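This report looks at a cavity, a helix and a set of aromatic pairs, taken in that order.

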Amino acid sequence: GMEYSDVVKKPYFYLTMICMAFTGMSLQGIGGISTPHLYDVGLDKEFVASLLTISSLCLMGCKFLTGFLYDHKGIRLTMNISLFCSFLSLLGLVLVTNSVLGQVIAFLRVIFSSIALPLETVMIPLFAAELFGNKSFAKVLGMFSAASTAGFALGSPFANMCFDVFGNYNVAFITFAALMLFVTVIMQFVLRSAKRDRDVILASCENE
């Protein structure tokens, strides 16, 4: 692992914190507005209530699935699947309508959202351990959690501001989707840079 004094010298540490904030902002931002949005497009209240129940059950399973996938396939694939599903979930909210197709989209969005949400919970300590190792784990985890929480605080006010200005949440959903695409691209660079530094550290340990 890497000492914290070395961690703070790495540009990708700050890029990761920005990504954590954007992820928290995007995923938490839709938490309080997705249900009102489904009502706004005309979906039946009983159907929306069923979606909420399905979402809770799926989220429980997806948290276990995230850990299992990380153990067997590594951080990159696990991360990319969750990020891709976050984008699909946000896009689904834009596309959902009061129709049979709209109900199908709403159902699929629940599945995608459940796969994406571990990005703001169980994936944070995995990122801290994977990127910088055990030596600085506690401090890095604290910084990542703080960045994610800062994103939480920004998400709902931004989404509600969009509703006040535009009369619906679609602009917020599109913005959040764009942020998740940004996070997806940046995190590829972050993982590559972290792997390069980790290989150097492991090589030096072997030489000793």
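Sorted by class, the residues that line the largest cavity comprise 7 nonpolar, 1 polar and no charged residues. The model is predicted, and it holds 1 cavity of 30 Å³ or more, with a volume of about 60 Å³ for the largest cavity. The lining is made up of Cys 19, Met 20, Thr 23, Leu 83, Leu 119, Phe 127, Val 183 and Met 187. Two elements, H2 and helix H9 (170-207), each give two or more residues to this lining, and the largest share, 3 residues, comes from H2.

With 17 residues (100-116) at 1.5 Å a residue, helix H6 should span 24 Å, and because its end C-alpha atoms are 24 Å apart, the two values agree. The buried residues of H6 are Gly 102, Ile 105, Ala 106, Arg 109, Val 110, Ser 113, Ser 114 and Ala 116. An α-helix has 3.6 residues a turn, so residues three or four places apart point the same way. The cover over the buried residues of H6 includes helix H2 (11-29), helix H3 (34-40), helix H4 (45-73) and helix H5 (75-95).

Within helix H3 lies Thr 35, which counts as buried because its relative accessibility is 18%, under the 20% limit. Leaving aside residues up to four places away in sequence, Thr 35 touches Val 48 and Leu 52.

The aromatic side chains give a further view of the packing. A pair of aromatic rings is described by the distance of the centres and the angle of the planes. The count comes to 10 aromatic pairs, and two of them are set out below.

| Pair | Centre distance | Plane angle | Arrangement |
|---|---|---|---|
| Phe 13 and Phe 132 | 5.8 Å | 75° | edge-to-face |
| Tyr 169 and Phe 173 | 6.2 Å | 40° | tilted |

Since Phe 13 lies in helix H2 and Phe 132 in helix H7 (residues 123-132), their pair ties together parts that are 119 residues apart in sequence. Phe 13 counts as buried at 1% relative accessibility, and Phe 132 is likewise buried, with a relative accessible area of 2%. Tyr 169 and Phe 173 are also both buried. Phe 13 and Phe 132 belong to one aromatic cluster, which is formed by Tyr 4, Tyr 12, Phe 13, Tyr 14, Phe 132 and Phe 144.

Terms used. Residues numbered from 1 in each chain as written. Predicted model: local features only at pLDDT ≥ 70, side-chain atom pairs only at ≥ 80, totals over all residues. Heavy atoms only, no water. Helix = DSSP H or I, 4+ residues; strand = E, 2+ residues; numbered from the N terminus. Expected span 1.5 Å × (residues − 1). Buried < 20%, exposed > 50% of the residue type's maximum accessible area, 1.4 Å probe, protein only. Contact = heavy atoms within 4.5 Å. 1 Å grid on protein atoms, 1.4 Å probe; cavity = no way out; pocket = protein on both sides within 12 Å on 5 of 7 lines; lining within 4 Å. Points joined across faces, edges and corners; volume = space filled by probe spheres on them. Nonpolar A, V, L, I, M, F, W, Y, C, P; charged D, E, K, R; others polar. Phe/Tyr/Trp six-rings, centres within 6.5 Å; stacked < 30°, edge-to-face > 60°.
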